[in-house]
Amino acid sequence: MNGKRTAEPTPGGTGKKRKKEVMVEFSGAVTEEVLKKQVAEAWSRRTPFNHDAIVMHMDPFLHCVIPNFIPSPNFLEGLQKELLNLDFHEKYNDLYKFQQSDDLKKRREPHICALRKILFDDFRAWLSDISKIDLESTIDMSCAKYEFSDALLCHDDELEGRRIAFILYLVPPWDRSLGGTLDLYNVDEHFQPKHIVKSLVPSWNTLVFFEVSPVSFHQVSEVLSEEKSRLSVSGWFHGPSLTRPPPCFEPPVPRSPHVPRDHEILYEWINPTYLDMDHQIQIQEEFEEQSEILLKDFLKPEKFAEVCEALEKGGVKWSSRGPPNKRFYEKAEESTLPGILRDCMTLFRSEALFLLLSNFTGLRLHFLAPSEEGGMEDTKEGEAASAPDSTDEGTSSSPSESQDSQAAAAISSSSRRSSERTDPEPEENEAGKESSIPTCQGELRHWKTGHYTLIHDNGKTEFALDLILYCGCEGWEPEFGGFTSYIAKGEDEELLTVNPENNSLALVYRDRETLKFVKHINHRSLEQKKTFPNRTGFWDFSFVYYE
């Protein structure tokens, strides 16, 4: 053991009586001059190094493991008690779900103070020496607690000034089956993450640290234990930033105008209630107020049953969509779809549906859709959504500005739809600039445990109508994840959540200030198998329409 003085842990605060100072050191083995020199040389040459006191790996990026980091069981026990007595706050957004303490920078508990000194004085000096990086004295550390179904998805940690990330694990006996591993990704030629190539299992009193760089993609896999908590102290040592490569921009997803199918396809597929003129007027009025609506029992029951049967039967080829710092789910290869699913895709691309959506929303998704003046009330009976073969131009009102809906204000106030749309931002898709012809893009997706989409920095935002039709989600609960969440740019608070619901068509109009993601599907979702043994997740038809 190294020199130390222990003290009983006491609650944090600023009491008049000064708490007894606790002294402790980190592993003396790694500070031994010969070993330190060997580690520095391995770091410099980017070569692996293996010793009982420290292990350095280069694949998929430089990372080190120091077991038995603080050789003082009494100190660690006191530290753990102080950490567990802290106030924890749930951290929740598209990227993560876990509990985090307040910043440990100014905490006065004796063991936390001692750990802070070890890390940001003694260990920082050692790390600067071996890495030849001029690490600053900036203190950046907190305590994280991951419990059942908590996770932190794929990211690279890059933020101005962060140079080396660290995690000190204070976990009970742990193995891979409990989840919570630190997963490391390799990258492609564009510096985008591809696959998990290494997983580090948390271990009591083990320190892991790695260089933060454009390729340091990692995640904390979902914790699968319902009894144990994954407790750790983590943070960053700051220093001069590395040069980043240019951001990787994905090629735009192709958009297509409608396919020529008349109103007969609507009568074949859609619940007659939604083809009723008066009902369409009511739907549009609600959409004007909320900028979103959920249309239940949208497809005819027999058609929906055929679609579900085809999905359950299999035979569709699915491809994984990535990269994992942006998304992870399965997309159907359309060439492999059986007839009924191919016909359903055609429905959502059809001219008749474009016009029906115009009548539902007031958006100009068809040349026969109304101008800004007029209203659906003036449309002749039978013209609603069935005018592709008609010579009379239909009319309907465009959505008006919502007065009191938070979702409408942030997801898009309708009066801005016409005014702001006329001034497209430079980065918008070229296809949108060349023509005002309404277009769409869409896919059939399969969602299973572990799937998600993330908000990413270089994603384009523009005015659009989202459409989602859900299949196979009987018994699906919000706590499973898999719901689509809409948020305002720069905010974590959800404006709108669309939960999977069988044969329900969700329509959401969003503006340039609105972002969306599909929440990570956690292992609670496996409860679905109790009722549907052969079911894994659910499916959705996901389309986006542009005026």
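The questions and answers below go through a predicted model of one chain.

Me: How many helices and strands does the secondary structure of the chain come to?
Reply: The chain has 547 residues, and buried residues make up 54% of them. Residues 24 or more positions apart account for 78% of the contacts with a separation of 6 or more. The secondary structure comes to 13 helices and 24 strands.

Me: How are the rings of F69 and F123 arranged, stacked or edge-to-face?
Reply: The structure holds 25 aromatic pairs. In this pair the ring centres of F69 and F123 are 5.3 Å apart, and the planes stand at 90 degrees. Planes over 60 degrees apart count as edge-to-face. So the pair of F69 and F123 is edge-to-face.

Me: How many residues apart in sequence are the parts that F69 and F123 tie together?
Reply: F69 lies in the loop between strand 3 (63-66) and helix 3 (73-84). F123 lies in helix 4 (residues 110-131). The pair therefore ties together parts whose separation in sequence is 54 residues.

Me: Is F123 buried or exposed?
Reply: Buried means under 20% relative accessible area. F69 has 0% and is buried. F123 has a relative accessible area of 0%, so F123 is buried.

Me: What kind of pair do the rings of F543 and Y545 make?
Reply: The ring centres of F543 and Y545 are 6.2 Å apart. F543 is buried at 1% relative accessible area, and Y545 is buried at 1%. Planes under 30 degrees apart count as stacked. The planes of F543 and Y545 are at 25 degrees, so the pair is stacked.

Me: Which residues form one aromatic cluster with F69 and F123?
Reply: F69 and F123 make an edge-to-face pair. Both also belong to one aromatic cluster.

Me: Over the ring of which residue does the charged end of R445 sit?
Reply: There is a charge over a ring at R230, whose charged end sits over Y146, 5.2 Å from the ring centre. For R445 the distance to the ring centre is 5.6 Å. The ring under the charged end of R445 is that of Y329.

Me: How many charged residues does the contact of helix 6 with helix 9 have?
Reply: Helix 6 brings Q280, I283, Q284 and F287. Helix 9 meets them with L356, S358, N359, F360 and T361. By class the contact has 4 nonpolar and 5 polar residues, and the charged count is no residues.

Me: Where is P323, which a cis peptide bond joins to G322?
Reply: P60 is in the loop between strand 2 (55-57) and strand 3. For G322 and P323 omega is about 0 degrees. P323 lies in the loop between strand 15 (318-321) and strand 16 (327-332).

Me: Does K132 count as buried or exposed?
Reply: K132 has a positive phi of about 60 degrees, although it is not a glycine. K132 is in the loop between helix 4 and strand 6 (141-146). Exposed means over 50% relative accessible area. At 66%, K132 counts as exposed.

Me: Does N503 count as buried or exposed?
Reply: N503 has a positive phi near 55 degrees and is a residue other than glycine. N503 lies in the loop between strand 21 (494-498) and strand 22 (505-510). At 5% relative accessibility, N503 counts as buried.

Me: What separates the C-alpha atoms of S256 and C440?
Reply: S256 is in the loop between strand 13 (230-238) and helix 5 (264-269). Leaving aside neighbours within four places in sequence, S256 is in contact with F354, P438, T439 and C440. S256 and C440 are 184 residues apart along the chain, yet their C-alpha atoms are separated by 5.5 Å.

How values were computed. Residues numbered from 1 in each chain as written. Predicted model: local features only at pLDDT ≥ 70, side-chain atom pairs only at ≥ 80, totals over all residues. Heavy atoms only, no water. Phe/Tyr/Trp six-rings, centres within 6.5 Å; stacked < 30°, edge-to-face > 60°. Helix = DSSP H or I, 4+ residues; strand = E, 2+ residues; numbered from the N terminus. Buried < 20%, exposed > 50% of the residue type's maximum accessible area, 1.4 Å probe, protein only. Lys NZ or Arg CZ within 6 Å of the ring centre and 35° of its normal. Contact = heavy atoms within 4.5 Å. Nonpolar A, V, L, I, M, F, W, Y, C, P; charged D, E, K, R; others polar.
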